[in-house]
Amino acid sequence: MSMEIPYTVEARPDTGLTNGKLGIWLFLASEVMLFGALFASYVMLRVGSQNWPPGSTYLNIPLATLNTVILISSSVTMVLAWASIAKHDFKRFRLFMGITILCGFGFLIVKYFEYSAKFHHELYPSTNTFLAIYFTLTGLHGLHVIGGMAVNSYLWGPGSALYKTDPVHFMNRVENSGLFWHLVDLVWIFLFPILYLL
Amino acid sequence: MSDSHDSKHAAHAGHSAEEVDRHVRAAYYVFGSLLVLTGFTVGAYFLHLPKHLAITLALLIATTKGSLVAAWFMHLVSERKLIYWMLVLTALLFIPLLLLPTLTVADHIHLR
């Protein structure tokens, strides 16, 4: 009995989509609900609080701005990686996917310095409600960055063997991984102002 | 690699070479716009606007940036209808999720 997932290359006639693409969009919808629930928690905690500190009391705005630029840049290199493989240019795909992964590392390194500074000043999630929601939201987002980097690294390395046998299937995987990576960027676009600037 | 081969390969994958080039060009414009809007977000912070105005402005800019990412990087400008319907359903569920907890703590609303 074949265990192959159907419609990974050709679109399913009834949906007009490959199963992989439909699957990743359903996953992204669940991610919107996950982060949506946490955003709702943030709003509720903030509205119900007598005193809510401005983000700049605890957080470093220049570092967060740098991280915003890094993630936006990584989204562009992800598009260029997808475009390269769509045009059958494997070398350029590797270059841009490599830069995307490095941008992910850059983001995490900046986050490491941010977290270290907090811990050095004995600021923990248990210190107050603001820091609790800050660490929860940015920690969960950071895990998503790591997850995206893991998939991108697989596609850059061992997973790229598929390109030789089934290039279209490989391109679809790159596209789906890109959709996830862009969502990670999109979530950060909202996290940055609400945590750091408001 | 010849251009005709490029076109054939890209077309087989559901994207013509021209379509791919269009997405790449758009990505550069979107990148520039996102950088400028990030500058506006940070700039607005240093204006020390009244709280309500600052929140409205920051969320407006973030929504614009998010829409650009979704439309062009995630290719929603040219996506299948099924994806749109799925996102509409997600939005319909997301909005109450965002509002309900807040409404329950509002003094002037009595949920029975």
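Among contacts (heavy atoms within 4.5 Å) in chain B between residues at least 6 apart in sequence, what percentage join residues at least 24 apart? The share is 57%. This is a predicted model, in which local features need pLDDT of at least 70 and side-chain atom pairs count only at pLDDT 80 or more, while totals for chains, interfaces and linings use all residues. Residues are numbered from 1 along each chain as its sequence is written, chains are lettered from A and ligands numbered from 1 in the order in which they are written, and side-chain values use heavy atoms, with hydrogens and water left out.

**Chain B**
- Chain B contains 4 helices and 0 strands (DSSP runs, H or I of at least four residues for helices and E of at least two for strands, numbered from the N terminus).
- Of its 112 residues, 33% are buried (under 20% relative accessible area, 1.4 Å probe, protein chains only).

**Helix α3 of chain B**
- Buried residues of α3(B) include B:Ile61, B:Val69 and B:Phe73.
- The buried residues of α3(B) pack against α2 (61-86) and α6 (167-197) of chain A, together with α2 (17-46) of chain B.
- Just after α3(B), B:His75 adopts a positive phi of about 60°.

**Interface of chains A and B**
- In total, 53 residues of chain A contact 50 residues of chain B.
- The rule finds 2 salt bridges across this interface (a side-chain nitrogen of Lys or Arg within 4 Å of a carboxyl oxygen of Asp or Glu).
- B:Glu79 and A:Lys21 meet through their side chains in a salt bridge (3.0 Å, N to O).

Terms used
Buried < 20%, exposed > 50% of the residue type's maximum accessible area, 1.4 Å probe, protein only. Contact = heavy atoms within 4.5 Å.
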